[in-house]
Amino acid sequence: MNKNLLSVLLIFTIILSNFSTASAETTVASLRVGITKDENGLNPYTYVTGYPGLDLMNLLYDNLFQLDVDNKPVPWLVKDYKVSDDGLTYEFTLHDEVKWHDGKPLTAEDVKFTMEYFIKYPKSRFTNPLKSISAINVTDEIKFSLVLSKADPNFMIQPLADLPILPKHIWSTIDKPDDEMNALGSGPYILEEHKSGQFYKMKANKDYFKGAPPIEEIIFPIIEDSTAMFNALQSGEIDVISSSISPELVNQFETNPSLKVARGPGYSTSLFQINAEKYPMTEKAFRQAIDYAIDKENLVKTVLLGLAEVGSPGFIHPSSPFYNNNLKPVFDQEKAKQILEDAGFKDTDGDGFREDQQGKKIDLTTLVYSNNPIRIRTAELISEALHNVGIKNTVKAMDSTTVDSLMWPDFDVSKGRDYDLGVWSWSNTMQLFPDRLVDLFHSDPTLGSVNIGAYKNPEFDALAEKLKNTIDETERTNLIKQLQAFVAEDSPIITLYYQEIVNAYNPKVYDGFVFQVGKGIINKLSFVLGEKPEQPANEQPKNDEKSAEDNQTDSNEVAQNNTSVYIFIGVLLIAVLAFFLRKKKKTDKDDFDI
Amino acid sequence: MGKFVAGKFLQYVIVIILMVTLNFLLPRVMPGNPLVFLAGEDVGFMSSAEKEAILEKHGLNDSIVQQYGTYLKNIFTGEFGFSYQQKRPIIELLKERLPWTILLSGLGLVLSTIIGVLFGTISAWKRGTKTDVNLLTMFMFLSAMPSFWVGMILVSVFSVQLGWLPVFGAESAWSNLKGMDRFIDIVKHLILPLTTLVLISVTSTFMIMRYSMLNVLGEDYIMIAKAKGVKEKVIRYKHAMRNALLPVATVFMLSLGFTLGGATVIETVFAYPGVGRLMFESVLSRDYPLIQATFLIITFSVVIANFLADLIYPFLDPKVGRHNG
């Protein structure tokens, strides 16, 4: 009788406990997201870097529009909008139930104030895109319109999907925004605490206009060392990491049963930068030969273990709608030699390296950041490839600020440059805006503000200027494709690869992450309820393909996971061995002197 | 004695002036400037006027002499200014970081000195025996291991594989632990970095102690003590060890000065929020005010520690006092 009662009770408890876990899935009590840097105050004026600082700030503030997983702008604070046919007038209606973290309503006045404030106190990322606005008209609490002086095809992305709206009732009295620590916004989370160098703590904004967010409390511990970060994730001290996992560790994370790996295309573009201002790199043939000499596919295979896409010669990522698919990466060392030979770069003194067209020796230096092993390895392989075609060169790894100061002095391309070659990389915004091709390669420093290789081609310049004045989408696509063809032909840079983003997280704590192309799972959408499109198509199949292999190599994986234990035992063994060797020696020698 | 102190003091004033000047010049001699950290990563899309305005605001457009003047003035008024990168008052940053550094590096120094002295004494006393050789081998082995490697191995064994100790940080600050719980939490976080620090730094004390002890053991008075039939333990600890401690005390005082600089590598591996990491980051980001502040602290504490050592030495070693006084 008693036993029966007991079992009934047991069954009840089991059912009850099941219920509690089921309800825990809808809201998560606490999530720990490892970040790599202290980002200072998290308002639009004080956050430090785009990654992870901007992402953290975006959890506290809202934009009028928001980029979706495919980087298309979708209405966010805006409920309704209309664009005039000439692209000059935008009319907006805001959601009417939006409130600031202090309970005051967010109105069209706040939007107007924000735009004027950023003009008055510039912060280039947010201020520059506002310059095309000529008038802001507020009609009522939630309705306003913008008039542009010139149609801007990227207006929806920047400023509309990028500009954080500030609360007027707080910022109207602030005249030193750079020193302001306040981070009160309207976003899904509220900043609760920040301990410098240690962590940020945010709590859910229950009154969020899109519904209460799924996580009660997010803690962002700051862990600068990537190894420490990976260790913390594996030991369960944090639940997700903001940085991408390095290629050699991906396998280890994929085989860890308590973790889930999300992979997808990355928009960060790695390239081989050439100083087109310095002889012999001024010669188009010389640059083309460098392009032919480098095996990009091999770089992806050996350095990145396949976790990257081979670079398109026209710079633009193949997943972009503006990608010119006629351009294919080239690799042919014989052809490279032929090009050099034809252009007059011959080995006249028989030392195995080519001399320039006047018979002078060539000896080039490739600069690379010393804190980035992947780029260093890339630079070394390229160096070898260049040696193979007879171009003498050396790799020089230096700290990033020093490399920057040589390749891009004062971050102002009009101030010249002092380098031959470099392994370089541009962040993902370059791919988000295909117009950046103009900034990258126009020869006039005011237009080509990041033309760090001083590439110059009048035909390219003319096309680029035409693009600046074109709004029609098909014609723009057409022009951007032509620009890519110029880049591929003239080789001012050699696009090497786009490294994949590999994120890992503990799905038992939270599984609502979404992968934003070019960005990864740490984005606003991942932390807002109701914005859960299905996981990217490329994630699941990859895991499935792998599982077949995994079964066969199971024992290997286990061995890999225990590597550190073996190393530890190994060290102990060596110590013990040393101990015994010493002991033996002692019999020959009584006195031990140092 | 007074003359001795005054002379030493003058020496130190000159050293400090030199250090303060070098401290100003060194960061500015490094290639590159802090612009990208002041302006953010959109620096490439900024007009020259915007960049100029930023430099102007931080006084980086002033002549080097002007900048030096401001810098000196700030030192005297104790005004360290704002960090370029973290955009917060440096005093605040240091207040947050210094306690952790003192805890980790200070405790590390004390522990490694005690352990080094003890084993050094034993090793020297048993010179040439199995114990001596084993100790020597062990300590040499320890000193040959790079600190980041030791740290990584300890983390992956004790934190990742076994799960006994936390991987990173100085405490679980966000969990709002109080009293005893917080203390235990801090100790748990401290064990691995402290062990690493002691493991890699203990050898120097051990070697100095052993060597110094060997010298002392060769002195006549030890022989006499032995001849008188004084107990072995008394000779070892009272006659020999106390006299052999002098060089260890010197090294201890020197290291004490460096303690405030933290242990950069270990702090990085364990994400420990100490001064060492702060300093390292400040160098990478050309954060001039922060570089100056952190290096100044180290400079001053080294100088002060040296000064103290000079003052204390006559008391520790009567011979020094005799020569100078």
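The questions and answers below go through a predicted model with chains A and B, setting values against the definitions behind the terms.

Q: How do you know which part of chain B counts as buried?
A: A residue is called buried if 20 or more other C-beta atoms lie within 10 Å of its own, and buried residues make up 38% of the 325 residues in chain B. As for contacts in chain B between residues at least 6 apart in sequence, 71% join residues at least 24 apart.

Q: What describes the packing of helix 7 of chain B against helix 8 of chain B?
A: Two packed helices are described by the angle between their axes and the distance between the axes. For helix 7 and helix 8 (residues 179-217) of chain B, the angle is about 140° and the axes are 9 Å apart, and helix 7 of chain B passes helix 8 of chain B in a right-handed crossing. Helix 7 of chain B contributes B:Ser147, B:Val150, B:Gly151, B:Leu154, B:Val155 and B:Phe158 to the contact, while helix 8 of chain B contributes B:Leu192, B:Thr195, B:Thr196, B:Leu199 and B:Ile200. These residues divide into 7 nonpolar, 4 polar and no charged.

Q: Why is helix 2 of chain A called mostly covered?
A: With the cut-off for a buried residue set at 20 or more other C-beta atoms within 10 Å of its own, 9 of the 11 residues of helix 2 (residues 50-60) of chain A are buried, and the helix is therefore called mostly covered. The buried residues are A:Tyr51, A:Pro52, A:Gly53, A:Asp55, A:Leu56, A:Met57, A:Asn58, A:Leu59 and A:Leu60. What covers them includes strand 8 (189-195), strand 9 (199-204) and strand 10 (215-221) of chain A.

Q: How do you know that strand 1 of chain A pairs with strand 10 and with strand 11 of chain A?
A: Two strands pair if at least two bridges are found between them. Strand 1 (residues 28-34) of chain A is joined to strand 10 of chain A by 4 bridges, in a parallel run, and A:Leu31 stands opposite A:Ile218 there. To strand 11 (residues 240-241) of chain A, strand 1 of chain A is joined by 2 bridges, again running parallel, with A:Ile241 as the bridge partner of A:Gly34.

Q: Why do strand 4 and strand 6 of chain A stand at the edges of their sheet?
A: The open sheet of 4 strands has the order 4-5-7-6 (chain A), with antiparallel pairing. Strand 4 (78-83) and strand 6 (133-138) of chain A each have a single partner strand, so one side of each is left without a neighbour in the sheet. Strand 4 of chain A pairs with strand 5 (residues 89-94) of chain A over 5 bridges, and A:Phe92 is the bridge partner of A:Tyr81.

Q: What makes strand 14 and strand 16 of chain A edge strands?
A: Strand 14 (308-310) and strand 16 (393-398) of chain A each pair on one side only, in an open sheet of 6 strands with the order 14-18-13-17-15-16 (chain A) and mixed pairing. Neighbouring strands of this sheet are turned by 25° against each other on average, direction ignored.

How values were computed:
Residues numbered from 1 in each chain as written. Chains lettered and ligands numbered in written order. Predicted model: local features only at pLDDT ≥ 70, side-chain atom pairs only at ≥ 80, totals over all residues. Axes fitted to C-alpha atoms, helices over the stretch in contact; angles between N-to-C directions. Left-handed = near helix turned anticlockwise from the far one by under 90°. Contact = placed C-beta atoms within 7 Å. Nonpolar A, V, L, I, M, F, W, Y, C, P; charged D, E, K, R; others polar. Buried ≥ 20, exposed ≤ 12 C-beta atoms within 10 Å, placed from the backbone.
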